[in-house]
Amino acid sequence: MDLFLLFILIISFIGIKIYFKKFNKEYLSITSTNCIKGIFILFVFFSHAMQYISVNHWYDSTILYLRGHLSQLIVVMFLFYSGYGVYESFKKKGIPYANSMPKNRILKTLFHFDIAVLCYIVLNLCLQNPMTTKQIALSFIGWTSVGNSNWYIFATLGLYIITYASIKAFPKKQAILSIWIQTFLFILFISIFRGSYNAYCYNTLLCFPLGITYSYYKDSIEKAIQKNNFAYLVSFFTSLLATFVFYYLRTDNLWCYELWAISFTLLIVLITMKVHLQSPILNWLGKNLFWLYILQRIPMLILQYYRITNYPYLFFIISFIATILLAYEFSFIFQKIDKKL
């Protein structure tokens with residue numbers, strides 16, 4: 001499996017550009033953020049695959065070590081960039097963008113997700129996997145699962161609704177404060193009904209309002225950090241130290257975990273100010289993040305049914321290739337459907 005890590009490294013270096021004296025002005029461009037998301041969706045795929053198979057050879061050790069220490073941090077950049085993107089669009093388009101959020105953000109995400117859920121339901125019927133009526137009904141909003149990954153979609157939908165309601169109800173600064181407060185309450189709500197055993201469902205969600213806040217104060221942040229390399233290095237090592245400190249405190253309580261996620265997110269943002277990723281492979285992966293995330297368990301479930309899990313490396317390779325093909329097909333089909341809708 002360390003070969004998969006090597007694969008990630010190789011494709012990351014395609015077109016890479018490192019700035020030693022200057023700063024990468026494109027660190028939050030669509031291509032740059034897609035590349036970062038592309039890296040982390042590969043780690044998400046690896047993490048999910050490990051739920052079906054077991055590998056423990058010496059040539060699996062490095063990526064297993066990273067998986068164990070990164071934990072839920074593999075999704076924080078998705079949340080940060082999502083929040084950042086929403087508010088950047090609002091800054092450019094204003095209230096008309098906010099008015100379009102129910103259709104273009106919330107309902108569109110839910111529609112795509114529910115189509116994927118229907119695919120899982122059909123698959124479960126074919127594989128004779130048991131499902132309850134309640135389980136099926138709640139799976140359409142991401143509260144329960146029918147074999148698919150679900151918590152991230154439920155959280156994203158909730159965060160979109162919070163953002164829409166706050167932007168419509170309050171002026172800019174008050175709206176951002178409202179988003180923070182409601183996200184705190186949202187986390188508490190999920191934690192009460194999910195419990196600490198399912199902390200992964202809510203322990204990184206503050207990275208979404210962090211992205212919104214970063215968008216609002218972007219010019220001021222860049223002016224302070226990119227003033228010179230010394231200011232940048234102070235920011236970088238402060239984030240690095242905070243990441244290490246909160247890593248050791250993360251098991252004590254939920255909010256230390258959230259601070260760990262925030263510190264790591266800011267560390268990645270600072271790295272991208274100096275390292276410009278332009279890999280077309282990573283860009284495609286990040287661009288098709290949703291379908292890669294939501295469809296990857298389909299080939300995994302099928303291979304598990306046919307006991308290919310007894311051959312872990314074969315399982316991994318087949319499920320990876322199948323996931324790429326599924327994502328490509330669904331992306332192609334829904335581009336046409338979305339245009340018509």
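Student: What does His112 touch, and what makes a pair of residues count as touching?

Tutor: Leaving aside residues up to four places away in sequence, His112 touches Phe290, Trp291, Phe334 and Asp338, where a contact means heavy atoms within 4.5 Å. His112 itself has its place in helix α5, residues 95-127; helices (H or I, at least four residues) and strands (E, at least two) are DSSP runs, numbered from the N terminus. Please keep in mind that this is a predicted model, in which local features need pLDDT of at least 70 and side-chain atom pairs count only at pLDDT 80 or more, while totals for chains, interfaces and linings use all residues. Residues are numbered from 1 along each chain as its sequence is written, and side-chain values use heavy atoms, with hydrogens and water left out.

Student: Why does His112 count as buried?

Tutor: Buried means under 20% relative accessible area, exposed means over 50%, and partly exposed is in between, with a 1.4 Å probe and protein chains only. The relative accessibility of His112 is 9%, and therefore His112 counts as buried.

Student: Why is Ile161 called partly exposed?

Tutor: Ile161, which lies in helix α7 (residues 151-169), has a relative accessible area of 46%, so the label is partly exposed. From C-alpha to C-alpha, Ile161 and Ile179 are 9.8 Å apart in space, and they are 18 residues apart in sequence.

Student: Is Ile262 buried or exposed, and how do you know?

Tutor: Ile262 has 13% relative accessibility and so counts as buried. This residue of helix α12 touches Leu206, Cys207 and Leu210, again not counting residues up to four places away in sequence. The C-alpha atoms of Ile262 and Val76 are separated by 8.0 Å, although the two residues are 186 residues apart along the chain.

Student: Which residues of helix α10 are buried, and how do you know whether they line one face?

Tutor: In α10, residues 218-225, the buried ones are Lys218, Glu222 and Ile225. Seen down the axis of α10, these buried residues fall within an arc of 75 degrees, so they line one face of the helix; the arc is that of the directions from the helix axis to the C-beta atoms. On the other side of α10, Asp219, Ser220 and Lys223 are exposed. The cover over the buried residues includes α4 (76-93), α9 (207-216), α11 (229-249) and α12 (254-272).

Student: What do the buried residues of α15 pack against?

Tutor: They pack against α2 (30-49), α5, α14 (289-295) and α16 (312-340). Among the buried residues of α15 (residues 297-305) are Arg297, Pro299 and Leu303. Just after α15, Arg307 takes a positive phi of about 60 degrees.

Student: How do you know whether the radius of gyration of the chain agrees with that of a compact globule?

Tutor: The radius of gyration is taken over C-alpha atoms, and the globule rule is 2.2 Å times the number of residues to the power 0.38. For 341 residues a compact globule would have a radius near 20 Å, and the chain has 20 Å, so the two agree. The C-alpha trace spans about 60 × 50 × 45 Å along its principal axes, and 53% of the 341 residues count as buried.
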